[in-house]
Amino acid sequence: RMLDKQLIGSIENVHIYNNVSDLTVPARIDTGATTTSIHAENINCYDTNQDYRVRFTFCKVEFDRLVHKTIKIKQQGSEFIERLVVEMDMELGSVRELVLVTLADRRGYEYEVLIGRNFLAGNAVVDCQQEFIANQNIIL
């Protein structure tokens, strides 16, 4: 029996909180992806006295985040590439999470956000035959 899990489709709107400039964008739901990722441009890392941080642009909105770690990802047909991992405050349907997100170049993809298992696990059940159903707030 599933308890208190949001039913979502293969594509859903996700709300990203960023102080005064929150935004809502469509996202691809990917149960095969370990980690959630977003398309980031103008990536600039910098040091403060105590932190390693990154400024980047997503959907024309500037973000400034603490870098939690750097991971190596093997992409199809290429060597390993390094990606920065930051924490983002995201909401999909009735699920709101502080989730670790990789900053990626998703220019070749239809969706600038990919929601992976680190957001979905324990929170959602995916019906891959439907899209944009999270706002119906069906809880299983």
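Modeller: This is a predicted model. A search of the whole structure finds four salt bridges.

Colleague: What makes Asp89 and Arg96 a salt bridge?

Modeller: Their N to O distance is 2.6 Å. The cut-off is within 4 Å, so the pair qualifies.

Colleague: Is Asp89 buried or exposed, and why?

Modeller: Asp89 has 18% relative accessibility. Buried means under 20%, so Asp89 is called buried. Its partner Arg96, at 45%, counts as partly exposed.

Colleague: How do you know that Asp64 and Arg55 form a salt bridge?

Modeller: The closest N and O atoms of Asp64 and Arg55 are 3.4 Å apart. That is within 4 Å, so the pair counts.

Colleague: Why is Asp64 called partly exposed?

Modeller: Its value is 26%.

Colleague: Why is Arg107 called exposed?

Modeller: Arg107 has a relative accessible area of 65%. Exposed means over 50%, so Arg107 passes. Asp105, which meets Arg107 in a salt bridge at 2.5 Å, is partly exposed at 42%. Elsewhere, salt bridges that share partners join Arg53, Arg55 and Asp64 into one network.

Colleague: What makes strand 1 and strand 11 a pair?

Modeller: Four bridges join these parallel strands. At least two are needed, so they pair. Ile8 stands opposite Val126 in strand 11.

Key
Residues are numbered from 1 along each chain as its sequence is written. This is a predicted model: local features need pLDDT of at least 70, side-chain atom pairs count only at pLDDT 80 or more; totals for chains, interfaces and linings use all residues. Side-chain values use heavy atoms; hydrogens and water are left out. A salt bridge is a side-chain nitrogen of Lys or Arg within 4 Å of a carboxyl oxygen of Asp or Glu. Buried means under 20% relative accessible area, exposed over 50%, partly exposed in between (1.4 Å probe, protein chains only).
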